[in-house]
Amino acid sequence: MFLSTTYRKIAGDGLWNNNIVFGQNLALCPLLAVTGTATNGLGMGLATLVVITASNGLISVARHLIPSEIRIPIFVLLIAALVTLVDILMNAWAHELYKVLGLFIALIVTNCALLGRAEAFASKQPVKEALWDGLMMGLGFTLVLVALGAAREISSTGTLFANASLLLGESFRFLEVTIIPNYKGFLLMALPPGGFIMLAFLIVGKRLIDQKLTQIKVQRVVLNAAVTE
Amino acid sequence: MKLDPATIGHLKAQARHYFEWLKRWLDPANLARLRPKLEFQTGVLAGFALLASVLLGVTNCSTEGTIRQRLNDDLLHSLAEVVPNGLHDNDMLQDTLTVPSADYNIAANETLVYLAKKSGKVTAVCFKFTAPDGYSGAINMIMGIDRDGAILGVRVLSHKETPGLGDKIEVAKSNWILNFVGRSLDNLTPSQWAVKKDGGEFDQFAGATITPRKSVQAIYRGLQLFKAHQTELIKP
């Protein structure tokens with residue numbers, strides 16, 4: 001691997017071990033609100049990715065200036081200002097994208113994961129590490145959103161990435177596929193309770209994989225010990 | 001203005017001096033000493049607040065015009081959906097009339113009506129209205145009506161109806177909303193302005209009756225609003 005151990009650990013934490021949803025169980029509000037379809041999940045994920053990376057970087061730059069007694073109000077102020085800034089700029093300069101993503105941008109403020117990363121990581125780490133952490137956490141969040149959105153979309157309407165061309169442009173129309181033709185639809189999965197149910201399945205799946213991995217690791221250690229004896 | 005070398009040298013030295021001071025002040029050790037002090041904390045919080053407000057203020061001012069332009073483009077786009085381009089040669093955003101609409105239950109006390117004119121003569125009108133009583137909230141719509149009171153087109157601008165059931169009112173999801181083209185208060189009786197389940201002309205959706213029912217009723221009220229002000233609106 002070309003990455004140093006620190007960076008690899010940050011990436012592993014963000015993408016899997018300490019993933020915002022799977023590991024920290026944060027950000028459930030925006031998560032359940034927008035994952036009706038995989039496309040919406042992707043949109044929300046990308047918007048969050050940008051804002052969390054920027055907020056991590058900003059807070060890391062200013063970390064020596066921020067006294068611990070008033071760190072929370074300053075974090076909230078910076079994150080809110082950043083989100084508003086992205087909202088305004090996007091409305092003006094990327095209006096087509098804003099019409100699709102605009103709904104999600106404001107929701108990012110309710111994402112406690114941003115505050116969580118600012119508090120737990122960015123306020124204690126150098127800028128480069130903080131940016132990398134934001135990027136990886138955002139990417140991990142995006143992956144979960146897309147996975148949950150895809151699972152809900154397939155089970156509720158039988159399609160995958162419907163309207164992706166609205167978000168990503170005409171050249172991405174190939175993403176829009178119908179998985180189950182003539183599907184009657186299963187409304188529950190499109191509604192918030194379906195989100196909770198599907199999320200539970202995903203978390204169980206993640207735990208099972210983790211269990212398997214630990215088992216393999218333990219077996220290997222036992223095997224190594226046996227060999228050295 | 002021309003500066004002599006001595007002044008430039010002096011200014012440079014001064015800038016260097018301030019820069020060095022700032023670097024010393026921003027040194028983590030110095031900041032660690034300052035952080036527990038109340039004055040410093042107050043200053044930092046005020047500083048960040050000032051920074052945030054200046055940044056947001058400047059951005060807002062510099063993008064205000066662009067955003068208004070974008071919203072106008074959006075509106076023009078919706079207007080073009082319900083009023084065919086061939087019907088007018090004027091700027092519909094400029095030719096408007098406001099009519100009182102408090103009695104029509106379309107969620108507005110006054111409604112801005114955009115007038116489509118060809119050679120100075122009103123050919124059609126267009127306005128936004130709302131069904132305030134959709135299944136899960138307001139359904140915002142826009143409608144174009146020709147000068148004789150027949151519908152040219154209706155579109156849903158935004159709604160919160162159930163995805164997969166009630167969202168068939170969107171033209172992107174189903175052709176249902178196109179059934180209104182050509183309908184008017186003259187060619188359908190009041191009892192026909194309803195969904196089929198209620199004895200009317202318009203289809204309901206499988207599993208969702210309230211959304212189309214309330215949409216039909218709101219469109220009917222919109223037509224009544226037009227009729228009440230018809231002479232005034234199509235005057236020129």
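Predicted model: local features only at pLDDT ≥ 70, side-chain atom pairs only at ≥ 80, totals over all residues.
Reader: How are helix 4 of chain A and helix 5 of chain A oriented to each other?

Author: Helices (H or I, at least four residues) and strands (E, at least two) are DSSP runs, numbered from the N terminus. The axes of helix 4 and helix 5 (residues 95-107) of chain A come within 9 Å and cross at roughly 160°; axes are lines fitted to C-alpha atoms, for helices over the stretch in contact, and angles run from 0 to 180 degrees between N-to-C directions. Angles under 35 degrees count as roughly parallel, over 145 as roughly antiparallel, 65 to 115 as roughly perpendicular and the rest as oblique. The two helices of chain A are therefore roughly antiparallel.

Reader: How do the residues of the contact of helix 4 of chain A with helix 5 of chain A divide?

Author: Among the residues making this contact are A:Val83 and A:Met90 of helix 4 and A:Leu97 and A:Ile105 of helix 5. Residues are in contact if their C-beta atoms, placed from the backbone, lie within 7 Å. Ala, Val, Leu, Ile, Met, Phe, Trp, Tyr, Cys and Pro count as nonpolar, Asp, Glu, Lys and Arg as charged, and the others, Gly among them, as polar. The division is 7 nonpolar, 3 polar and 1 charged.

Reader: How are helix 4 of chain A and helix 6 of chain A oriented to each other?

Author: A:Phe75, A:Val76 and A:Ile79 in helix 4 meet residues of helix 6 including A:Leu114 and A:Glu119. The axes of helix 4 (residues 71-93) and helix 6 (residues 112-120) of chain A come within 10 Å and cross at roughly 130°. Helix 4 and helix 6 of chain A are therefore oblique.

Reader: In what order do the elements of chain B run from the N terminus on?

Author: Chain B has 5 helices and 5 strands. From the N terminus on, their order is α-α-α-β-β-β-β-β-α-α.

Reader: What radius of gyration does chain B have?

Author: The C-alpha atoms of chain B fill a box of roughly 90 × 50 × 30 Å along the principal axes. The radius of gyration is taken over C-alpha atoms, and the globule rule is 2.2 Å times the number of residues to the power 0.38. A compact globule of 236 residues would have a value near 18 Å, whereas chain B has 30 Å.

Technical notes. Residues numbered from 1 in each chain as written. Chains lettered and ligands numbered in written order. Contact = placed C-beta atoms within 7 Å.
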